[in-house]
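Subject: Structure handover

Hello,

Here is the structure I said I would pass on. My notes on it follow below.

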Amino acid sequence: MPLRRRRSHYEQLTEFERGRVIGLREGGFSFRDIAERLGRNVSTVHDCWVRWSRDGTASRRPGSGRPRGTTEREDRRIRRTAVSHRTASAAEIRAAVGTTVTQRTVRNRLLDVQLRARRPVACIPLTPRHCRLRHQWCQARAQWRAE
């Protein structure tokens, strides 16, 4: 089982909430009072204040590693294209989305949301006319008895 990095409580605060924590704390409120107002844990509020006191900033530090090649909007568009065009390849999705990423990145974004490769359809999909005719055929024989 892969190890997961535990998210600290501090990362769950929005930028606006961090500003409120600092303002309320400077206004004389206790950590407990602030936590109740924001609906957060006391430790979350405390971590935010400690970071502000130590670093002089409430914003999150940038993460390590290579920056992502796609934005959240591009990721959503890749997912939406893949779901609406179920038989499209990664190259076709990449062309439809219009991003400058590789096919491997498209496949990775789809794997992130549990969209795996599908086998091609082995039969011709039925048209509405075929479905109606098959239904009529079945209804006509529904009461038959095996003899």
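Before the rest, some notes on the source. This is a predicted model, in which local features need pLDDT of at least 70 and side-chain atom pairs count only at pLDDT 80 or more, while totals for chains, interfaces and linings use all residues. Residues are numbered from 1 along each chain as its sequence is written, and side-chain values use heavy atoms, with hydrogens and water left out.

Overall layout

The chain has seven helices and zero strands. Helices (H or I, at least four residues) and strands (E, at least two) are DSSP runs, numbered from the N terminus. Of the 147 residues of the chain, 22% count as buried. Contact means heavy atoms within 4.5 Å; among contacts between residues at least 6 apart in sequence, 48% join residues at least 24 apart.

Around Ile78

Ile78 is found in helix H4 (residues 72–84). Leaving aside neighbours within four places in sequence, Ile78 is in contact with Ile93, Val97, Val106, Arg109 and Leu110. Val106 is 28 residues from Ile78 along the chain, and the C-alpha atoms of the two are separated by 7.0 Å.

Helices H5 and H6

The axes of helix H5 (residues 90–97) and helix H6 (residues 103–112) come within 9 Å and cross at roughly 95°. Axes here are lines fitted to C-alpha atoms, for helices over the stretch in contact, and angles run from 0 to 180 degrees between N-to-C directions. On the H5 side, the contact is made by Ala90, Ala91, Ile93 and Arg94, and on the H6 side by Gln103, Val106, Arg107 and Leu110.

In H6, the buried residues are Thr105, Val106, Arg109 and Leu110. They cover an arc of only 140° around the axis, which puts them on the same side of H6; the arc is that of the directions from the helix axis to the C-beta atoms. H4 and H5 are included in what covers the buried residues of H6.

Gln114 lies in the loop between H6 and helix H7 (128–141) and, at 57% relative accessibility, counts as exposed.

Helix H2

Helix H2 (residues 31–38) has Phe31, Ile34, Ala35 and Leu38 as its buried residues. Their arc around the axis is only 100°, which puts them on the same side of H2. Arg32, Glu36 and Arg37 are exposed on the other side of H2. The cover over the buried residues of H2 includes helix H1 (15–26) and helix H3 (42–55). H2 is followed by Gly39, whose phi is positive, near 70°.

Cysteines

Cys131 counts as partly exposed at 39% relative accessibility, and Cys138 counts as partly exposed at 45%. With a disulfide taken as a pair of cysteine sulfur atoms within 2.5 Å, the count comes to zero disulfides.

Regards

Note on methods:
Buried < 20%, exposed > 50% of the residue type's maximum accessible area, 1.4 Å probe, protein only.
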